[in-house]
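Please keep the structure in view and follow the topics in turn.

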Amino acid sequence: MSEQNRSPDILLNVEGISLSFGGVKALNNISFDVRKGEIRAIIGPNGAGKSSMLNCINGFYHPQEGQITFKGETRKQMQPHKAAEQGIARTFQNIALFKGMSTLDNIMTGRNLKMKTNFLWQALHLGPARREEMQHREAAERVIDFLEIEQIRKTPVGRLPYGLQKRVELGRALAAEPDLLLLDEPMAGMNHEEKEDMCRYILDVNDQLGTTIVLIEHDMSVVMDISDRVVVLDYGKLLADGTPDVVRANQDVINAYLGVTHE
Amino acid sequence: MEFMENVFVLPFLDIADSPVFFLEVIISGLLSGVMYSLVALGFVLIFKASGVFNFAQGAMVLFAALTLVGLMEQGVPVVIAILLTALLMVVLAILIEHMMLRHLVNQEGIILFMATIGLNFILEGVGQIAWGSDVKKLDIGIPDQSFEYAGMLFNTLDLSAALIAAIMVTTLALFFQYTGTGRALRAVADDHQAALSVGIPLKSIWIIVWSVAGLVALVAGILWGTKVGVQFSLVLIALKALPVLILGGFTSVPGAIIGGLIIGVGEKVVEVYWGPAFGGAIEGWFAYMLALAFLMFRPQGLFGEKIIERV
Amino acid sequence: MFYREAGQFKNTYHADQAIFPIIQDRWFMALVLLVAFVVIPLWANEYWFQAVLIPLYIYAIAAIGLNILTGYAGQVSLGTGAFMAIGAYATYKLCTAFPDLNILIVFVISGFFAAGVGIVFGIPSLRIKGFYLAVATLAAQFFILWLFNKVGWFYNNNPSGTITAPPRELFGIMITGPEAHALTRYYVSLGFLSVMALAAKNLVRGRVGRSWMAIRDMDIAAEIIGIEPLKTKLMAFAISSFYCGVAGALFIFCWLGSAETEAFDIFLSFQIMFMIIIGGLGSIMGSIMGAAFITLLPIFLTNVPPMIGIPIATDLSKHIEEIIFGVLIVFFLIAEPHGLARLWQIAKEKLRQWPFPY
């Protein structure tokens, strides 16, 4: 949050990304960077290409042009699980939890990449496999404590109310101990109180764990409050990039949000 | 070495040797392909309108054919027997909707699929208890004779089947494209709940489409039954419709037709020319392997649209 | 009143993650094992071994295999019969080629053969899903059986075209072949089932099982949190086929004694599938319950009606069986998609509150 503990290192650099589906251009030559330890917001009207941008960052979509540099490594195409191995975790606009599994199992699944014993040990459930399972259970419990969801530990997530599901999804992403956390509308559909809770968790994650966060959000007051810098997209183009105050003052942004017709 | 020759050289020599015979093989393949298309059509109809992959389509073919033969054995005149069977298929559709589909609205596709496997067994059991499980001959007066034309052998039954199939396909395509019911059917296929919310009567739509599929099954049953006799193996023939669907795409009526023709021709040609090299009976799996190979390159089928996944 | 967790506190995560965290469950399981290993062998006769118990255990192994693939990893397969056939034919080839090899080891090696073929037919699962995959597995079903039927090498060119279990012994006890006692074969089947069920339970409650379920529930999200779809699905295919392969080997060598490829046709695949639907998708215990149910129902149908004075022809009872299976499948999918396993759980929950429900 505060200026002094923000290091100038660039964690993620997006350069000239263009993505199209058939003839539709979803993203058009987008460039921006994310500094280590900051909270970076991506805003824009519906269909601006925000989710597509996140999908490019974690390798789910493959942009036709441009490149992404994460932790100094540049890549053009990448599979999502490789991105996860590099330390990128995310949540989804429409909740994408594993419905048939309990909260605890969902969060444990988030730690999958960190578990190494082979399946023969697991079939025996002895020695290394058991030690590993216990060690990760402890880590998962820390996440559960952090998000205050102890009481729903063993509940199948399909039965949880919407707000809690969102929280479990955040937990699953946190369990991976990512360097970069992508949040796709973490507060969509929440009431005021739930939003405040979620904001608190996001700030705590950023503060206590030092996780860099990129988030998409529609609620302007939230965005302006918690983010360090904001990127504004509109119809696949980059409209503005800067601190909340700068963005708020930008005429293009105001036009886009107030619905001035495009020439 | 000899095997390699049998696979890579001799068949082609044979083809070059007698192009007329090759043409005859292809035509007979096309005609039996039409029969596959007919069964596949029943699948496509139900899948389009209810998103249900109806594994029981084969059992419906058997059930319809058994009922028809059974009635005719009781001395019922052909036309009345066909009408009665058609009526029974409609009743069956209503029963299926009431007892099964109604309770499975909005379930995942795979659950519905498994439920139709259950339905498959019920129909097989009921049909065979009611009408016995011996092989029966079905003759409703379609001529089954061979004749020669331009040096090639044809069969009147195959030709009638092709004609009937062509008529049915055209009718169904028009029905889907141009009637209100057709539009409603397509809406239901997209999303059960959304269709309900705009006031499409889901239940009656389902009854209609299962009835139509039942009637298609009856036609397929009559044609197959006349050709190979009414027997349990009709169910296995119906399974062949699955690779046809893979080729054609699950939601495309023309796809079902073309897929059927491809499988029909492919199977005949391979059996005639390559069968000896492999010891015969390739027909049992060729269609599935072809579909499998095809899936690897074009998972959405010939006519399906490419799906863009979103998160 | 006798079955409740109140007062049973867990101090370690280890205790909380035990297979049976509640003490009464542990006692119950011990009792089941005692009955299976000691009581039944003392009491059962040849008929019970041959007609009920041995097939039940063997089917249960195959059902666990299919449940791993379908119930846990979410990949539908109609090729179970073929994978069982691979196990059976591999065992036949191995034990005729290497007569001195320990027969139990042969069973396991045959499982690996099935696993290998399973991986090959699992490759399409990366690109295709749901019913499409079901068709791919049908290709395996028909192609593999055709191969075993056509290529004489697989049945050592014997004129009858069948494979027969040769007599093999271990520590002086006949395990397979016509001389092998039913009791021995019972213990072999039970032994395999116990070990394999435990291993499966361990797998599904650990990392591997969670990856499978993640792929099943939401494959895109699974990939994004770092689960490799190809590796995970192929592993499910391999392990599932291994189970089916071992079951297929036992099917011939510990139960039927000899068979042709027809024994492994598509109806066997369906039968195994029914077991997991009725028993419960995504439950190891359910697989065993489903196997028991499907094995016992025909026996019940052939024996009970005549007892109460309604004779039924075998042909008719076969069709009635079909109808009952079909009705049950539809019923379970509508009423209780988690099958008998879930009913069992509900019963336990009721018992937990009994006799004071509030």
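A crossing of two helices is called left-handed if the near helix is turned anticlockwise from the far one by less than a right angle, and right-handed if it is turned clockwise. What follows describes a predicted model, beginning with the helix pair to which that term applies.

**A helix pair in chain C**

- Helix 11 of chain C passes helix 13 of chain C in a left-handed crossing, and the contact is made by C:F274, C:I277 and C:I278 from helix 11 of chain C together with C:F325, C:L328, C:I329, C:F332 and C:L333 from helix 13 of chain C.
- The residues of this contact divide into 8 nonpolar, no polar and no charged.
- The axes of helix 11 (residues 266-279) and helix 13 (residues 314-335) of chain C come within 9 Å and cross at roughly 40 degrees; helix 11 of chain C and helix 13 of chain C are therefore oblique to each other.

**The sheet of chain A**

- Chain A holds an open sheet of 6 strands with mixed pairing, in the order 6-7-8-3-9-10, and its edge strands, each of which pairs on one side only, are strand 6 (88-90) and strand 10 (237-242) of chain A.
- From one strand to the next, the twist averages 20 degrees.
- Within chain A, strand 3 (residues 39-43) and strand 8 (residues 212-216) pair in the parallel sense over 4 bridges, and A:A41 stands opposite A:L215 in strand 8 of chain A.
- Helix 1 (residues 50-57) of chain A lies across strands of chain A, including strand 3, strand 8 and strand 9 (229-234), and runs at about 150 degrees to strand 7 (180-184) of chain A.

**The contact between chains B and C**

- The contact takes 39 residues from chain B and 32 residues from chain C, and on the chain B side the elements that give two or more residues are helix 6 (109-131), helix 12 (241-248) and helix 14 (283-297) of chain B.
- Helix 6 of chain B gives the most to that side, with 17 residues.
- The residues on the side of chain B that touches chain C divide into 28 nonpolar, 9 polar and 2 charged.

**Confidence in chain B**

- The mean pLDDT of chain B is 80, and 94% of its residues reach 70 or more.
- Confidence in chain B is lowest in helix 1 (residues 2-8) of chain B, at a mean of 72, and highest in helix 5 (residues 78-99) of chain B, at 90.
- Where pLDDT is low, the predicted coordinates should not be read in detail.

Note on methods. Residues are numbered from 1 along each chain as its sequence is written. Chains are lettered from A and ligands numbered from 1 in the order in which they are written. This is a predicted model: local features need pLDDT of at least 70, side-chain atom pairs count only at pLDDT 80 or more; totals for chains, interfaces and linings use all residues. pLDDT is the predictor's confidence in each residue, from 0 to 100. Two residues are in contact if their C-beta atoms, placed from the backbone, lie within 7 Å. Ala, Val, Leu, Ile, Met, Phe, Trp, Tyr, Cys and Pro count as nonpolar, Asp, Glu, Lys and Arg as charged, and the others, Gly among them, as polar. Two strands pair if DSSP finds at least two bridges between them. Axes are lines fitted to C-alpha atoms, for helices over the stretch in contact, and angles run from 0 to 180 degrees between N-to-C directions. Angles under 35 degrees count as roughly parallel, over 145 as roughly antiparallel, 65 to 115 as roughly perpendicular and the rest as oblique.
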